[in-house]
Amino acid sequence: MEPSAKRWLFNLLGFVFLGLAALGVVLPVLPTTPLVLLALWAFANGSERMYRYVYHHRWFGAAARDWKRHKAIPRRGKVLASVTVALTAFYLLFFSEAPRWAAWTSVALMAYGMFFVHTRPTLERIKPRAQEAPERR
């Protein structure tokens, strides 16, 4: 594959992953951070400019920077992922008309995802304390 076609393909993948990540902000079934990481991987191979843009983006960049620096997942992300997966699995198994094998396969994949999430370190957010007034003598 020639270099320009390869770059074009990686950029296309980057935009697809970034678009899905944007949907993941409002749809709880799409995991935003892994999709942003995939977009960064694709842009790293296709467009350094887009890589820098996404990495330093106000909304998408924070999770990517946290992952790169700490290889940890914030507690809020773990809780949100767990609740979302549990509700989705419950729906799939008890209310969905999907074939049983498909529902159980989906639940197994979600369980693997939860195993991954919960075996990563937890990133604790430390809120900066307000500056204390100097003591008066």
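Over which ring does the charged end of Arg120 sit? Select Arg120 and Phe116: the charged end lies over the Phe116 ring, 4.2 Å from its centre. (A charge sits over a ring if NZ of Lys or CZ of Arg is within 6 Å of the ring centre and within 35 degrees of the ring normal.)

This is a predicted model, with local features needing pLDDT of at least 70 and side-chain atom pairs pLDDT 80 or more, while totals for chains, interfaces and linings use all residues. Residues are numbered from 1 along each chain as its sequence is written, and side-chain values use heavy atoms, without hydrogens and water.

Next, pick Lys68 and Tyr55. The charged end of Lys68 sits over the Tyr55 ring, 5.3 Å from its centre.

Now show the aromatic rings. The whole structure holds seven aromatic pairs (Phe, Tyr and Trp rings, the six-membered one for Trp, with centres within 6.5 Å). Zoom to Phe90 and Phe94: their ring centres are 4.9 Å apart and their planes stand at 45°, so the pair is tilted (under 30 degrees is stacked, over 60 edge-to-face, the rest tilted). Both belong to helix H5, four residues apart, about one helical turn. (Helices are DSSP runs of H or I, at least four residues, numbered from the N terminus.) Phe90 is partly exposed at 44% relative accessibility; Phe94 is exposed at 56%.

Notes:
Helices (H or I, at least four residues) and strands (E, at least two) are DSSP runs, numbered from the N terminus. Buried means under 20% relative accessible area, exposed over 50%, partly exposed in between (1.4 Å probe, protein chains only).
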